[in-house]
Amino acid sequence: AAMSEATVEIQREGRIGVLMFDRPQALNAFSSAVVTQTTAALAELTADPQVRAILVHGAGRAFSAGFDLKEGIARGTRGVEAWRRVLEADFAFIMQFWDCPKPTIAAVHGYCLAGAFELALACDVTVAGEGTRFGEPEVRFGSGIVAMLLPWFAGPKVAKEMLLTGDDTLSAWRMLEAGLVNRVVPDDDVLA
């Protein structure tokens, strides 16, 4: 995605700042443009004294499929130092939601995978549509999770199951049972 392409939108609905990933043709995958624009948008909403909480969601049929693997391959990152910079930037992208001084709410639907799942974990509250599918499929492709929040929230047994299998078909109800989402609602009610 070109840096000039708008991949994130923000709105204000009363005292709620709404941040929407807007790259539906790529299931809102986190490209470098999404990362840069999200960071700026979150900083803007955080600095706005009228905004009391921040809701994050995705356009189209998914919250997000996680980091854009196609862009990563095209980037051709080589060497330990280059990968360290990429992973540190990815970590900071996720953890800015954890570190946000205002309450953050992830409203997830469709797919919430890989880095997007970690981002949802980093938010204070996660509401999931009942049809949402979760998982950490990147481990099946030789990658790993960035923020390692999963073991802290799910405990070692559930975390190991998810990280050793790479299953990306886990239901919203399973995530509620594991304590990884706060509430499951009908798909049409996620934003409400």
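In this predicted model, the sulfur of Cys100 lies 8.7 Å from the closest cysteine sulfur, that of Cys123, which is too far for a bond. A disulfide is a covalent bond between the sulfur atoms of two cysteines; here it is assigned to a pair of cysteine sulfur atoms within 2.5 Å. The structure accordingly holds 0 disulfides. Cys100 is buried, with a relative accessible area of 10%, and Cys123 counts as buried at 6%. Residues are termed buried under 20% relative accessible area, exposed over 50% and partly exposed in between, with a 1.4 Å probe and protein chains only.

Local features require a pLDDT of at least 70 and side-chain atom pairs count only at pLDDT 80 or more, whereas totals for chains, interfaces and linings use all residues. Residues are numbered from 1 along each chain as its sequence is written, and side-chain values use heavy atoms, with hydrogens and water left out.

Helices (H or I, at least four residues) and strands (E, at least two) are DSSP runs numbered from the N terminus. An open sheet of 6 strands has the order β1-β2-β3-β4-β6-β9, with mixed pairing; two strands pair if DSSP finds at least two bridges between them. Strands β1 (8-13) and β9 (183-185) stand at the edges with a single partner strand each, so one side of each has no neighbour in the sheet. On average, neighbouring strands are turned by 20° against each other, direction ignored. Strands β2 (residues 16-21) and β3 run parallel and are joined by 6 bridges. Within this region, Met20 stands opposite His57 in β3.

Helix α1 packs on the sheet, where it touches β1, β2 and β3, and its direction makes about 20° with that of β1. Contact means heavy atoms within 4.5 Å. Axes are lines fitted to C-alpha atoms, for helices over the stretch in contact, and angles run from 0 to 180 degrees between N-to-C directions. Helix α4 lies across β2, β3, β4 (104-108) and β6 (125-129), at about 140° to β4.

A nonpolar core is a set of buried Ala, Val, Leu, Ile, Met, Phe, Trp, Tyr and Cys residues joined through side-chain atoms within 4.5 Å. Of the 45 residues in the largest such core, Phe21 and Phe134 touch the most other members. Helix α4 (residues 115-122) supplies the largest share of this core, 6 residues.

Arg52, in the loop between α1 (32-47) and β3 (53-58), counts as exposed at 54% relative accessibility.
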